[in-house]
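Biologist: I'd like to learn how to read a model like this one, feature by feature. Could you walk me through it?

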Amino acid sequence: MRCLITGGAGFIGSHLAEALLRAGHAVTVVDDLSTGSLENIEPLRSEVRFRCVIDTVLNHRLMAELVNWADVVFHLAAVVGVKLVVEDPARAIETNVRAMEIVLELAAPKRKKVVFTSTSEVYGKTSRVPFREDDDLVLGAPWRSRWGYACSKALGEFLALAYWRKYGVPVVIARLFNTVGPRQTDRYGMVIPTFVRQALRGEPITVYGDGQQTRSFCWVGDTVRALMALAEHPDAVGQIFNVGSDEEVRIVDVAHQVKALSGSASPIVFIPYNRAYGDGFEDMRRRVPDLTKIRTLIGYRPTVRLEEILRRVLRHYRRFEADRRLALQPQCLP
């Protein structure tokens, strides 16, 4: 296939590009590098079946050309991370919604397949756990900016399904649950990269809130494998699927595991939400997916448990920190 990945220089997008190339597909990525990085895709740039376009998905003329070339569009481009969303909610909403509109509008005439990566955030304050794809979505009040991201992604889902029903655009929606792995940056509030960086540098490991909130972390390779399988399965069209791990863990326990596995002496400190994100911030107390639907369709099961995920991320960041320290050393001239 000819595969277009929007946001393809990002964390998940770059891993997806690698996997698609290994499977024999041609890959074009488009990324404005606002949160992605050329370093993520540098090893791929010598591949004859790989092309990288540095531009925004909001460039309608460019996207018309790229979508026309593609057999399938993996739409990953979005403003991501709680920190970015809280700091600039208007950008998150406008970018996420407009980008989805453009992709669907251009896919419609030739009915190009679109795989849309949504988020577990859309479940909002839903109290029923584990989350099922047919559960109601319960979002917080509009003046709490945290819910703007969830709302923009939920609107993307509504748009995708509307285009499927009205125009026959074959869409697949994947709600991702806390994907983790190498290349994930800590700059935008991602919890495991943040804990790992802090532990390796001997800084306090900062847990927001009381640490009793739970999450389920999924290895990036499992997420990518699921996206590819869903793209290829005809019965996935017009459907929504949870993609993640159902291994639920408290955030404070993640902090203790990172500290133990890294051998760090860093203290674990608790930061109130209002200090981290401002007054009125709301969090989801539990977030764990029901994987029955995706398991039934494609046999999906997460293959890497949290402890091994943390070991792999620690290895990656240790190399990164070693390179950083080397770069900071004074250079002796002859």
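Biologist: Let's start with a helix: how many residues does helix H9 have, and how far does it reach from its first C-alpha to its last?

Modeller: Some ground rules before that. This is a predicted model, where local features need pLDDT of at least 70, side-chain atom pairs count only at pLDDT 80 or more, and totals for chains, interfaces and linings use all residues. Residues are numbered from 1 along each chain as its sequence is written, and side-chain values use heavy atoms, with hydrogens and water left out. Helices (H or I, at least four residues) and strands (E, at least two) are DSSP runs, numbered from the N terminus. The expected span of a helix is 1.5 Å times one less than its number of residues. Helix H9, residues 251–262, has 12 residues and reaches 17 Å, close to the 16 Å expected.

Biologist: Which residues of H9 are buried?

Modeller: Buried means under 20% relative accessible area, exposed over 50%, and partly exposed in between (1.4 Å probe, protein chains only). In H9 the buried ones are Ile251, Val252, Val254, Ala255, Val258 and Ser262. Look down the helix axis and take the directions from there to the C-beta atoms, which define the arc. The buried residues of H9 fall within an arc of 160°, so they line one face of the helix. After H9 comes glycine 263, with a positive phi near 70°.

Biologist: And how many residues of helix H7 are buried?

Modeller: H7 (residues 191–200) is mostly covered, with 8 of its 10 residues buried. Among them are Ile192, Phe195 and Val196, along with Arg197 and Gln198. Here too a glycine follows: glycine 202, whose phi is positive, near 75°.

Biologist: Now the sheet. In what order do the strands come?

Modeller: Strands of a sheet pair through backbone hydrogen bonds, either parallel or antiparallel. Two strands count as paired if DSSP finds at least two bridges between them. Here 7 strands form an open sheet, E3-E2-E1-E4-E5-E6-E11, with parallel pairing. E3 and E11 (239–243) are the edge strands, each pairing on one side only. From one strand to the next, the twist averages 20°.

Biologist: How many bridges join E1 to E2?

Modeller: Strand E1 (residues 2–6) and strand E2 (residues 26–31) are joined by 5 bridges. For instance, arginine 2 has alanine 26 in E2 as its bridge partner. E1 is mostly covered, too: 4 of its 5 residues are buried.

Biologist: Which strands does helix H6 lie across?

Modeller: Axes are lines fitted to C-alpha atoms, for helices over the stretch in contact (heavy atoms within 4.5 Å). Angles run from 0 to 180 degrees between N-to-C directions. H6 (residues 146–167) lies across E5, E6 (171–176) and E11, at about 155° to E5. Helix H8 (residues 220–232) also packs on the sheet, touching E4 (72–75), E5, E6 and E11, and its direction makes about 165° with that of E6.

Biologist: Let's zoom in on a residue: is serine 118 buried or exposed?

Modeller: Serine 118, in strand E5 (residues 113–119), counts as buried because its relative accessibility is 4%. Its side chain makes a polar contact of 2.6 Å with that of glutamate 157. A polar contact is a pair of N or O atoms within 3.5 Å; within protein, one must be able to donate a hydrogen and the other to accept it, and residues adjacent in sequence count only if both atoms are side-chain atoms.
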